[in-house]
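Thanks for coming. I will go through a few helices and a few single residues, and then stop.

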Amino acid sequence: MEKLALHWKIMIGMVLGIIFGLVMTSVSGGGNFVHDWIEPMGKIFVKMLKLIAVPLILASLIKGISDLKDISKFKTMGLRTIVIYILTTVIAITIGLALVNTIKPGNGITQETVDTLKIKYSNSDKATTIISNAKAQRESGPLQFLIDMVPDNAVYAMSNNKLMLQVIFFSIFLGICMLLVSEKKAKPLKKFFDSLNEVILKMVDLIMLTAPYAVFALLATVIVSADDPDILLALLRYGGVVVLGLILMIIFYLTLITIYTKKSPLWFLKQISPAQLLAFSTSSSAATLPVTMERVEEHIGVDKEVASFVLPVGATINMDGTSLYQGVAAVFIMQVLWPEGLVFSNQLIIILTALLASIGSAAVPGAGMVMLVIVLEAIGFPSNLLPIALALIFAIDRPLDMCRTTVNVTGDATVSMIVAKSLGKLRNPNVKEWDDHYLKS
């Protein structure tokens, strides 16, 4: 097992986790056994990744910016990053809308299925919470996301992974100010963050040693927690459209990498696959961020000053997979519940609203559902049908969340390569193993 590459170990863990979960669903008390004795291993792993996310962003971003020597370079990098992220998000939504309007998955949903879903989900606390959260976000001012970006307490911002944008803002501000003081004054602080960054990356290496066992636990938990198989089959056509769109999006990324960076798409997938597999298992871009940064810097060769800015920003505002899902889900819901809303102007509104909703959306499981409610309300979807609309996609949302998070992470890595290439910051990889400096007795 030691000679196997990490991505193969993780894939073996995933397959065994799925098989184990399926076996446990057919055993009396199997689900409780998984929740009591297996699920905690996955939860601990995710918590450890989240534990180091903020210090890694803080250390790597401050070091990366302070190494630039010239503020104008940061301006160029930031502008290119934001523009590329916006373009890829628009393309993702457009792909989703094109597929859902062509395949029309909503036409295959019977009224009986709608009634079953309505009874099971529409009065749930989850639906009420999602609608309430979406309403609060929609009623905030147009510049609320800028207000939310600026922390009034940096220490508090660092204590909450949901406030990632505030940590990024503080890190960028501190890094720029380090450029504006004399090099002699900034040197001790730079050395501190450089050292902290190296230590945190070593923590990533150590945590990843447990990844195959963690994804086993995570996937087994997903399987035993799955909804009614009959409902899943009824929604299979809708789920297939989403997955097809996500596959097309990954093909688009690989095409960009091949044409612009001249790198092999298979090589790219091999290097980033551990991050992709973790994104699939955890459904969280934020939890996967430390691994994504480690893979992009060490295994792909993107300079730290680029990766440390592009990837944290991407984990917060770049949600191509989630935005594609918004387009498919919104039109699917209209096909089933509100066919009169299927007009061209509403689809343009979906593109714009899904793009804006993705900015600042929490990089955690389930955030896409809140974004979807915002998109539906923007096109005038009847409010009394919102609980039923959510009920339509609740049953299959978790597996689709896993798939779209994988695309989100792949998009972040792709954009970091493109930005690095445009700035001449794409170098040969320098892989560091967990035991490089370990002294064996």
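How many residues does helix H9 have, and how far does H9 reach from its first C-alpha to its last? H9, residues 183-208, has 26 residues and reaches 36 Å, close to the 38 Å expected at 1.5 Å a residue. That expected span is 1.5 Å times one less than the number of residues. Helices here are DSSP runs of H or I with at least four residues, numbered from the N terminus.

Some ground rules. This is a predicted model, in which local features need pLDDT of at least 70, side-chain atom pairs count only at pLDDT 80 or more, and totals for chains, interfaces and linings use all residues. Residues are numbered from 1 along each chain as its sequence is written, and side-chain values use heavy atoms, with hydrogens and water left out.

Back to H9. There is a bend of about 25° at Leu-189, where a bend is the angle between axes fitted to the seven residues ending at a residue and the seven starting there. Buried residues in H9 include Phe-193, Asn-197, Ile-200, Leu-201 and Val-204. Buried means under 20% relative accessible area, exposed over 50%, and partly exposed in between, with a 1.4 Å probe and protein chains only.

Next, H14, residues 285-300. The end C-alpha atoms of this 16-residue helix are only 19 Å apart, short of the 22 Å a straight helix would reach. H14 also has a kink of about 35°, centred on Val-291. Is H14 largely enclosed or exposed? Largely enclosed by the rest of the structure, because 16 of its 16 residues are buried.

Now the two ends of H14. Ser-283 sits in the loop between helix H13 (265-282) and H14. Its phi is positive, about 60°, although Ser-283 is not a glycine, and at 1% relative accessibility Ser-283 is buried. At the start of H14, a side-chain oxygen of Ser-284 comes within 3.5 Å of the backbone nitrogen of Ala-286. After H14 comes Gly-301, with a positive phi near 100°.

Lys-104 is another non-glycine residue with a positive phi, near 50°. Lys-104 is in the loop between helix H3 (71-103) and helix H4 (111-121), and is partly exposed at 37% relative accessibility.

Last, Ser-323, in helix H16 (residues 320-337). Ser-323 is buried, at 0% relative accessible area. Leaving out residues up to four places away in sequence, Ser-323 touches Thr-89, Ile-93, Ala-354 and Ser-358, contact meaning heavy atoms within 4.5 Å. Gly-368 is 45 residues from Ser-323 in sequence, and 8.1 Å away C-alpha to C-alpha.

Note on methods: A polar contact is a pair of N or O atoms within 3.5 Å; within protein, one must be able to donate a hydrogen and the other to accept it, and residues adjacent in sequence count only if both atoms are side-chain atoms.
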